[in-house]
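Look at the structure shown below.

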Amino acid sequence: MQIIVCENYEEMSQKGAEIITAEVKSNSKAILGLATGNTPIGIYRYLVEAYHKGGLDFSEVQTYNLDEYLPIDPADENSYAAFMHDHLWDKVNLKPEHCNIPAGNVGMEGAAAECAAYDQRIQAAGGIDLQLLGIGRNGHIGFNEPGDALHTGTHAVKLTDSTIAANGPLFANPDDMPRHALTMGMGAIFAAKKVLLVANGKNKHEAVKGLLGDAITTACPASLLKLHQNLILLCDKEAYHG
Ligand code: F6R
C-alpha cells in the first residue's frame, strides 16, 4: 500500500486529481470507477479545471459509479446520478453513453436484474483500471456495509443507521432519504487494477485505522483493501493521525 498524507483537503484533492489525470493521460480509454459523497468533490473540481486548461481529454474514457440510492429517480436532485452530472459528467467531454451508474428507479423487484446487467457492463468494458473510493465512518466502501458477510457482485443493500445519520442531512427532509441502495460489490472493486482511497477529517480516523491495522474483517469492509496489490491511501493529516 502506498500512503500519501496531505496537509489538508485542498492538497489531498489536488493530488487525487493528479493521480487520475496521470491515469487518463497514460490510457486515453481508461475505465474509471467513481465515487460520490463529500470527499471527492475537490478532486472533481481539480479535474474539471485541468480539462479547461487543456490537455486532459475524457472523450474515450468510460466511468462506472459505485452506487446509487434505491429507490430514486435519476433526475432527483439527491440522486448520485445528479451529483455526477453536477460535479463531473456535464463539465468535461465525457460522452453521456460512457457514464454509467446503477439505475435507482428500477424498484426492489428490478434490482437483481439491474445489478447483474451492471456487472456485465463492467466486465464487457474490461474491468476497472482505476477505482476511486471514499470511506464511510463505519468503514464501508461503496455501500458495502459492515456485516457478517460481504458480497462479490453488485447488489441491493439496506443502509445502516450510521450511513443514514451521515447522509440524511443532505436531503431537504432527512426522512426522504431512501433506506436502500444498489452498490458494486467487493468483486469489481478488488478486480480494479489500481484503487485510490481518499479520506479527510477526524471523523474518518477510526475507519482509516481499520484500513491500516492488522485485522481483516467484514466489520470494517475497507480493512480488506490492504490485500489489494495496488492500493493508494490518500488522506489528510486529521484522517491519518486523528
Ligand atoms: C459514495 C460511496 C460511499 C462514500 C462514503 C464517504 O459513492 O461509495 O462509500 O464514499 O460514504 O462519503 P463522504 O465522502 O461523503 O464522507
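What follows is a short walk through two parts of this model.

The model is predicted, with local features needing pLDDT of at least 70 and side-chain atom pairs counting only at pLDDT 80 or more, while totals for chains, interfaces and linings use all residues. Residues are numbered from 1 along each chain as its sequence is written, and side-chain values use heavy atoms, leaving out hydrogens and water.

Start with helix H4, residues 107–124. Helices (H or I, at least four residues) and strands (E, at least two) are DSSP runs, numbered from the N terminus. H4 has 18 residues and reaches 25 Å from its first C-alpha to its last, close to the 26 Å expected (1.5 Å times one less than its number of residues). A kink of about 30 degrees is centred on Ala113; the bend at a residue is the angle between axes fitted to the seven residues ending there and the seven starting there. After H4 comes Gly126, with a positive phi near 100 degrees.

Several residues of H4 are buried, including Gly107, Gly110, Ala111, Glu114, Cys115, Tyr118 and Ile122. Buried means under 20% relative accessible area (1.4 Å probe, protein chains only). An α-helix has 3.6 residues a turn, so residues three or four places apart point the same way. The cover over the buried residues of H4 includes strands S3 (62–65) and S7 (155–158).

Now turn to the ligand. An oxygen atom of the ligand is 2.4 Å from a side-chain N or O atom of Thr39.

Terms used: Buried < 20%, exposed > 50% of the residue type's maximum accessible area, 1.4 Å probe, protein only. Contact = heavy atoms within 4.5 Å. Polar contact = N/O pair within 3.5 Å; in protein donor to acceptor, adjacent residues only side chain to side chain.
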